[in-house]
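I opened my notebook to look up how this protein is put together. Here is what I wrote down as I went.

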Amino acid sequence: MRKNRKREFQSSELVKSFARIHGFEDKLVAFEIKDFLEDYLDEALFDEIKSVNLEDKIISIKVNSPLLKHDFQMRKSFFLKKFQEKFGEEKFNDLQIL
(Lines give C-alpha, C1' and ligand atoms only; values in the text may rest on other atoms or scores of the structure.)
Protein backbone atom coordinates (compact mmCIF):
# COMPACT_ATOMS: atom_id res chain seq x y z
CA MET A 1 0.00 0.00 0.00
CA ARG A 2 1.15 3.44 -0.84
CA LYS A 3 0.85 6.06 1.82
CA ASN A 4 -0.23 9.49 0.62
CA ARG A 5 2.10 12.25 1.67
CA LYS A 6 0.70 15.54 2.71
CA ARG A 7 2.42 18.58 1.36
CA GLU A 8 3.70 20.84 4.06
CA PHE A 9 4.03 24.55 3.48
CA GLN A 10 5.02 27.30 5.76
CA SER A 11 2.37 29.97 5.91
CA SER A 12 4.80 32.50 4.43
CA GLU A 13 5.27 30.30 1.34
CA LEU A 14 1.52 30.14 0.84
CA VAL A 15 1.14 33.88 1.23
CA LYS A 16 3.98 34.55 -1.23
CA SER A 17 2.47 32.14 -3.74
CA PHE A 18 -0.97 33.75 -3.38
CA ALA A 19 0.55 37.22 -3.75
CA ARG A 20 2.41 36.18 -6.90
CA ILE A 21 -0.77 34.75 -8.45
CA HIS A 22 -2.89 37.81 -7.67
CA GLY A 23 -0.23 40.44 -8.37
CA PHE A 24 0.33 42.09 -5.02
CA GLU A 25 3.88 40.99 -4.30
CA ASP A 26 4.92 44.63 -3.87
CA LYS A 27 2.47 45.11 -0.99
CA LEU A 28 3.87 42.00 0.70
CA VAL A 29 7.42 43.37 0.41
CA ALA A 30 6.19 46.71 1.80
CA PHE A 31 4.87 44.87 4.87
CA GLU A 32 8.26 43.17 5.26
CA ILE A 33 9.99 46.58 5.07
CA LYS A 34 7.64 47.94 7.73
CA ASP A 35 8.41 44.93 9.96
CA PHE A 36 12.12 45.57 9.44
CA LEU A 37 11.69 49.23 10.45
CA GLU A 38 9.75 48.17 13.53
CA ASP A 39 12.70 46.05 14.64
CA TYR A 40 15.31 48.62 13.60
CA LEU A 41 13.76 51.79 15.06
CA ASP A 42 12.74 52.39 18.63
CA GLU A 43 9.01 52.25 19.38
CA ALA A 44 8.45 56.02 19.59
CA LEU A 45 10.10 56.60 16.21
CA PHE A 46 8.30 53.69 14.59
CA ASP A 47 4.95 55.05 15.76
CA GLU A 48 5.61 58.16 13.62
CA ILE A 49 5.64 56.07 10.42
CA LYS A 50 2.21 56.32 8.83
CA SER A 51 2.66 53.91 5.91
CA VAL A 52 5.14 52.05 3.73
CA ASN A 53 4.42 51.30 0.07
CA LEU A 54 6.33 49.87 -2.86
CA GLU A 55 5.40 50.80 -6.41
CA ASP A 56 7.54 50.62 -9.56
CA LYS A 57 10.63 49.72 -7.50
CA ILE A 58 10.24 52.89 -5.40
CA ILE A 59 9.76 52.60 -1.66
CA SER A 60 7.52 55.36 -0.26
CA ILE A 61 7.54 55.94 3.48
CA LYS A 62 5.01 58.41 4.90
CA VAL A 63 6.21 59.93 8.17
CA ASN A 64 4.11 62.07 10.54
CA SER A 65 6.97 63.73 12.43
CA PRO A 66 8.83 66.50 10.55
CA LEU A 67 11.96 65.75 12.60
CA LEU A 68 11.94 62.04 11.73
CA LYS A 69 11.11 62.88 8.10
CA HIS A 70 14.20 65.10 7.94
CA ASP A 71 16.32 62.35 9.54
CA PHE A 72 15.10 59.80 6.98
CA GLN A 73 15.84 62.24 4.14
CA MET A 74 19.36 62.84 5.44
CA ARG A 75 19.99 59.09 5.70
CA LYS A 76 18.06 58.12 2.56
CA SER A 77 20.99 56.33 0.88
CA PHE A 78 21.78 54.48 4.11
CA PHE A 79 18.22 53.14 4.43
CA LEU A 80 17.96 52.29 0.72
CA LYS A 81 21.19 50.29 0.98
CA LYS A 82 19.89 48.51 4.12
CA PHE A 83 16.66 47.55 2.32
CA GLN A 84 18.59 46.37 -0.74
CA GLU A 85 20.89 44.22 1.42
CA LYS A 86 17.96 42.71 3.31
CA PHE A 87 15.49 42.15 0.46
CA GLY A 88 17.59 42.20 -2.73
CA GLU A 89 19.03 44.99 -4.85
CA GLU A 90 16.80 44.18 -7.83
CA LYS A 91 13.60 45.03 -5.91
CA PHE A 92 14.29 48.72 -5.21
CA ASN A 93 15.99 51.59 -6.98
CA ASP A 94 14.76 54.59 -5.00
CA LEU A 95 13.36 55.67 -1.63
CA GLN A 96 10.90 58.51 -1.12
CA ILE A 97 10.18 60.05 2.25
CA LEU A 98 6.77 61.74 2.27
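Before looking for a pocket, I noted what the word means: a pocket is an open set of grid points where a 1.4 Å probe fits, with protein on both sides within 12 Å along at least five of seven lines. I also kept in mind that this is a predicted model.

Entry 1: I looked up the largest pocket and found about 230 Å³ of space in it. I saw that α1 (11–22) and α2 (25–40) are the elements that give two or more residues to its lining. The largest share, five residues, comes from α2. I then sorted the lining by class and got eight charged, three nonpolar and no polar residues. Among the lining residues I jotted down Lys-16, Arg-20, Asp-56 and Lys-91.

**Entry 2: the overall layout.** I found five helices and three strands. Reading along the sequence, I wrote the pattern as α-α-α-β-β-α-α-β. Of the 98 residues, 30% are buried.

**Entry 3: the core.** Which residues have the most contacts inside the largest nonpolar core? I found Leu-37, Ile-61, Phe-72 and Phe-83, in a core of 22 residues. Helices and strands both contribute two or more residues here, including α4 (66–74), α5 (76–87) and β1 (49–55). My notes show α2 giving the most to this core, with five residues.

**Entry 4: one residue up close.** I picked Phe-72 and left out residues up to four places away in sequence. Phe-72 touches Leu-37, Leu-41, Ile-49, Ile-61, Val-63, Phe-79 and Ile-97.

Methods:
Residues are numbered from 1 along each chain as its sequence is written. This is a predicted model: local features need pLDDT of at least 70, side-chain atom pairs count only at pLDDT 80 or more; totals for chains, interfaces and linings use all residues. Side-chain values use heavy atoms; hydrogens and water are left out. On a 1 Å grid over the protein atoms alone, a cavity is a set of points where a 1.4 Å probe fits but cannot get out, and a pocket is an open set with protein on both sides within 12 Å along at least five of seven lines; lining residues have an atom within 4 Å of a point. Grid points are joined across faces, edges and corners, and a volume is the space filled by probe spheres set on the points. Helices (H or I, at least four residues) and strands (E, at least two) are DSSP runs, numbered from the N terminus. Ala, Val, Leu, Ile, Met, Phe, Trp, Tyr, Cys and Pro count as nonpolar, Asp, Glu, Lys and Arg as charged, and the others, Gly among them, as polar. A nonpolar core is a set of buried Ala, Val, Leu, Ile, Met, Phe, Trp, Tyr and Cys residues joined through side-chain atoms within 4.5 Å. Buried means under 20% relative accessible area, exposed over 50%, partly exposed in between (1.4 Å probe, protein chains only). Contact means heavy atoms within 4.5 Å.
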